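Please open the model in your viewer and keep the selection panel at hand.

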Amino acid sequence: MRHVVGFLSGLILAPVLLLACGWAFSHLRSLHAAERGVLDGSGPLVLAGLVGVGIIVALLAVPPRLTPMLPLSVALVLGAATGVALLRGHLLERLPPVPGLEGALDLLPLGVFVPVALVLAATVSVGGRWRRDEEHEVTAEEYFEGLYEEGGKPQARTHAEPEEQHVPRHRA
């Protein structure tokens, strides 16, 4: 179930990343046209938006416990949007006008999102992301601990002996 939710979340997150980058690009282009610095006007807000995009991409690519379907779906959408922009650019002009779309339409044919899509698609090959780790995996020593005496004979339990309480071990 977590893979399905991750895939659907990625389908929502990819256009958000695409439009955020387009919005930042159009604002930075207007600052450059006005010959203003990045720290003037709306520049710090744009930098904060780009930092946010970078943090989201890092959170998609790095955590090992995250389902691989989330970054895969984002990579598929970004790669598909780049492919559509290169092969059938007139189809993207039919999209409704939303903030950041103009800048995103400028960035897509340049292939800016292809490296991001490749990094996110590479997370599928990390094997630890496909299965959920148990809280405490029992080692062979812990499994057989107390089962045999020193001489190799099984221990005989009597009902008069109180059983030890199981204390869970937590990872530090």
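Begin by selecting Pro71, Leu72, Val74, Ala75, Leu78, Gly79 and Thr82 in α3, which meet Val114, Val116, Ala117, Leu120 and Ala121 in α6; contact here means heavy atoms within 4.5 Å, and helices are DSSP runs (H or I, at least four residues) numbered from the N terminus. By class, this contact of α3 with α6 has ten nonpolar, two polar and no charged residues, where Ala, Val, Leu, Ile, Met, Phe, Trp, Tyr, Cys and Pro count as nonpolar, Asp, Glu, Lys and Arg as charged, and the others, Gly among them, as polar. The model is predicted, with pLDDT of at least 70 needed for local features and 80 or more for side-chain atom pairs, while totals for chains, interfaces and linings use all residues. Residues are numbered from 1 along each chain as its sequence is written, and side-chain values use heavy atoms, with hydrogens and water left out.

Now turn to the geometry of this pair: α3 and α6 pack at an angle of about 155 degrees with their axes 8 Å apart, the axes being lines fitted to C-alpha atoms over the stretch in contact and the angles running from 0 to 180 degrees between N-to-C directions. That makes α3 roughly antiparallel to α6 (over 145 degrees; under 35 is roughly parallel, 65 to 115 roughly perpendicular and the rest oblique).

Val57, Leu60 and Ala61 of α2 make the contact with Val116, Val119 and Leu120 of α6, a set of six nonpolar, no polar and no charged residues.

Next, select α1 (residues 2-33) with α3 (residues 69-87), whose axes come within 7 Å and cross at roughly 40 degrees. On the α1 side the contact includes His3, Phe7, Leu11 and Leu18, and on the α3 side it includes Met69, Ser73 and Val77.

Finally, which residues lie nearest the centre of the second largest pocket? They are Pro15, Leu18, Leu19, Leu95 and Leu101, among 13 lining residues, and by class the lining has 13 nonpolar, no polar and no charged residues. α1 gives the most to this lining, with four residues. On a 1 Å grid over the protein atoms alone, a pocket is an open set of points where a 1.4 Å probe fits, with protein on both sides within 12 Å along at least five of seven lines, and lining residues have an atom within 4 Å of a point.

Technical notes: Helix = DSSP H or I, 4+ residues; strand = E, 2+ residues; numbered from the N terminus.
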